[in-house]
Amino acid sequence: MAKTLMNQNAKFGTMPVFLTALSTILGAILFLRFGWAVGQVGFWGVIGIIFIGHIITIPTALAVAEIATNQRVQGGGAYYIISRSFGLNIGGAIGLALFFSQAISVAFYVIAFGEAFEPLLTYINNTFDLTIEDRRWISIPAMAILSIIILTNGANVGMKALYLVVFVLLVSLLFFFLGDSPLKPYDIQFHSHVPDNLNFFFVFTIIFPAFTGLAAGLGLSGDLKDPKRSIPRGTLWATIAGMLIYIAAAYKFTVSASPEELVADQLIMQRIAIWGPIIPIGLAAASLSSALGSIMVAPRTLQAIGYDNIFPEARINHWFARGKKKDNEPVNGSLVTILIAFVFIIVGDINFVAQIISMFFMVTYAAICMVSFLEHFAADPAYRPTFRSKWYISLTGAVFSFWIMFQMNAIYASLSILIMGLIYFAITYYSKERRGLNKLFRGVVFQLSRQLQIFAQRADKEDREISWRPFGVCISHDTFKRRSAFDVMRWLSYKYGFGTYIHFIKGYLNEETTEESKASLKRLINLARGGKNRVFLDTIISPSYTSAIGQVVQLSGISGKGNNLILFEFSRTEPETLKEILPNYKMIESAGFDVCILNTSYKSFGYKKELHIWIRPDDYENANLMILLGYIILGHPDWKKGQIKIFALFHGDEAQNKRQQLLELVKEGRLPISPSNIEMVPYEKGNRKQVISTYSQDADLTLIGFRNEMLKGSLEFFEGYTDFGNILFVSANKAMDIE
């Protein structure tokens with residue numbers, strides 16, 4: 001296998017790129033089908049085809065110029081550019097499609113070369129009374145000769161022949177433009193076309209391969225002395241020059257013959273030129289140059305694919321990647337290209353082949369434009385091209401490429417995307433260790449999240465007061481002992497809120513604790529997989545729990561709006577953890593946080609069917625927060641069979657009044673709580689825990705409110721719930737409204 005895709009003896013400059021691209025652009029389509037297109041859709045219709053085609057090709061040329069000046073472009077051209085930006089997996093899928101389009105292009109141009117001999121065959125048939133109509137008598141031997149030349153001499157002889165071919169091509173075009181047509185219509189109508197003309201997008205499909213020449217120049221990247229200079233200049237010059245010549249040709253056809261004559265005679269250019277025979281010669285030269293360009297480019301694409309080990313079998317990759325020792329000429333890739341070309345030459349239908357080429361190239365161009373757009377959006381510091389396009393130009397090229405694909409042939413477009421998708425998944429399956437789209441999209445997601453966070457921070461601060469949602473953070477050093485606190489954060493952040501779970505590591509920041517922190521975070525991420533989890537995970541190193549809490553309450557939060565709720569956790573069998581939490585309550589309260597303290601038990605969350613909320617007469621500040629938290633928790637799929645029950649404690653004759661208040665609260669807040677699940681419970685002072693035990697001992701989660709003055713420096717308020725399931729104690733920083 002070659003050590004590098006570069007030809008160590010590379011000596012080509014900008015001119016070969018320009019000529020390869022231009023000769024492909026001004027190729028068979030111009031001579032055989034462009035006059036036909038003018039007759040089918042009229043002058044303005046063809047201008048529309050040129051305009052739409054270049055809305056795709058010019059952004060692609062700019063994107064190619066940009067990407068090529070960001071990195072050392074080696075052999076493989078467009079494939080190399082795509083794979084190094086999108087990753088080898090999707091790059092391999094697109095690269096295989098690109099290779100097939102390039103290999104089929106060889107057949108397309110050789111078929112067109114055979115069409116150039118139509119006048120000669122007509123003369124032979126008339127002179128010798130023969131009936132040779134099949135152009136394959138010309139195209140198949142021509143392909144055989146071309147194959148021998150490429151296999152024995154490689155790109156060097158092809159490039160030498162290219163200069164002669166381009167000269168003949170330009171002379172023939174000059175004769176065409178200087179011609180004074182005897183077919184000139186009496187009344188020139190720029191909008192006229194033949195009756196019952198073909199669909200605009202079908203004509204576009206046949207013509208579009210004429211605009212795909214820029215990819216031909218890219219394929220020489222491994223043979224260029226300075227690809228960063230030659231590729232941008234060569235492709236841009238060729239694209240612009242080709243567009244101008246096509247506009248001029250559309251005008252020349254319109255003023256030189258009627259639509260009917262343009263459609264009837266595929267070689268009508270020879271009847272317009274000042275010397276007719278130059279046109280078949282120019283067609284032969286153009287077709288031969290395009291075929292040479294494609295047959296030089298396609299094997300290099302396949303060689304690069306083999307070099308990147310895209311195929312699942314190592315021996316196949318090695319065989320494709322192998323090149324000649326002297327100049328790394330891809331002989332094996334050339335053999336495969338030639339075989340594919342022969343298959344399509346035998347088919348012999350130029351319109352059918354043109355449709356396939358258009359579809360494959362459209363996918364490739366869309367991918368190149370998307371690379372440029374996403375690189376702009378990702379703003380990766382490693383992406384530093386010396387030539388810069390604009391992101392909106394690249395996006396326009398990508399959008400139009402996908403749109404035109406489905407306009408040309410929705411079935412072919414769907415099949416193309418499906419086939420590429422299957423190839424991508426097959427490559428990913430055999431190469432799981434490779435990165436696919438994640439490298440590029442990670443940057444895009446980073447930039448998007450950054451912009452959203454800035455936007456959220458600048459948004460109206462009153463919004464949080466009007467429409468409360470949990471921006472929660474949990475800090476715990478018992479992460480790997482109990483997962484209940486993490487589960488609560490999962491439920492709060494699944495749909496309505498944002499959650500951050502922080503594992504506390506006690507100690508000073510040094511190399512040892514840093515390594516412990518990294519290992520703990522990795523372990524956390526592994527534990528979090530598999531569940532319906534949307535919690536951001538992190539670790540914090542601090543010498544004390546108090547200092548850790550002080551740091552956590554000052555974090556900005558992943559939402560971009562800061563945190564408003566903090567969750568602590570302690571086990572019923574280890575109440576000493578609560579002694580670390582309570583002394584920090586006033587500090588947390590001063591920071592404006594709502595405080596939740598989860599008391600876990602051996603029952604855990606049970607079957608997640610019943611969530612009980614207890615409201616006392618002096619607990620109005622916590623009531624709304626507890627009801628909202630209950631509603632948010634039930635929004636998680638873990639609680640899909642759950643229901644909320646509200647129990648309101650009251651004294652004396654307050655029952656009816658309090659019940660009506662709760663019903664109004666539920667109704668105005670549009671909370672899915674049935675009135676039958678709101679129960680008024682009488683109690684006497686001092687027996688609150690006993691009453692709660694009577695109703696909620698078998699609940700899966702119980703919410704109980706508390707206030708600062710209830711703590712009084714002791715743990716008494718949180719004790720006495722021995723046989724309960726998990727309990728969430730809630731303290732709202734201030735009363736909130738449910739709207």
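Reader: Which residue stands opposite Gly 472?
Author: In this predicted model, Gly 472 stands opposite Gly 499 in strand E2.

Reader: How do E1 and E2 pair?
Author: Strand E1 (residues 471-476) and strand E2 (residues 498-506) run in the parallel sense, and their pairing extends over 6 bridges.

Reader: And what is the order of the strands in the sheet?
Author: The open sheet is formed by 10 strands in the order E3-E2-E1-E4-E5-E10-E9-E6-E7-E8, with mixed pairing.

Reader: Which strands stand at the edges?
Author: Strand E3 (535-542) and strand E8 (678-682) do; each has a single partner strand, so one side of each is left without a neighbour in the sheet.

Reader: Which strands does helix H24 touch?
Author: Helix H24 (residues 545-552) packs on the sheet and touches E1, E2, E3 and E4, its direction making about 135 degrees with that of E3.

Reader: Changing topic, where does Ser 372 lie?
Author: Ser 372 belongs to helix H17, which covers residues 350-378.

Reader: Is Ser 372 buried or exposed?
Author: Ser 372 is buried, because its relative accessible area is 0%, below the 20% limit for that class.

Reader: What joins the side chains of Ser 372 and Ser 394?
Author: A polar contact of 2.7 Å joins them.

Reader: How many degrees do H9 and H17 cross at?
Author: The axes of H9 (residues 200-207) and H17 cross at roughly 85 degrees and come within 7 Å. The two helices are therefore roughly perpendicular to each other. Among the residues making the contact are Phe 202 and Phe 204 of H9 and Met 362 of H17.

Terms used
Residues numbered from 1 in each chain as written. Predicted model: local features only at pLDDT ≥ 70, side-chain atom pairs only at ≥ 80, totals over all residues. Heavy atoms only, no water. Helix = DSSP H or I, 4+ residues; strand = E, 2+ residues; numbered from the N terminus. Buried < 20%, exposed > 50% of the residue type's maximum accessible area, 1.4 Å probe, protein only. Polar contact = N/O pair within 3.5 Å; in protein donor to acceptor, adjacent residues only side chain to side chain. Axes fitted to C-alpha atoms, helices over the stretch in contact; angles between N-to-C directions. Parallel < 35°, antiparallel > 145°, perpendicular 65-115°, else oblique. Contact = heavy atoms within 4.5 Å. Pairing = 2+ DSSP bridges.
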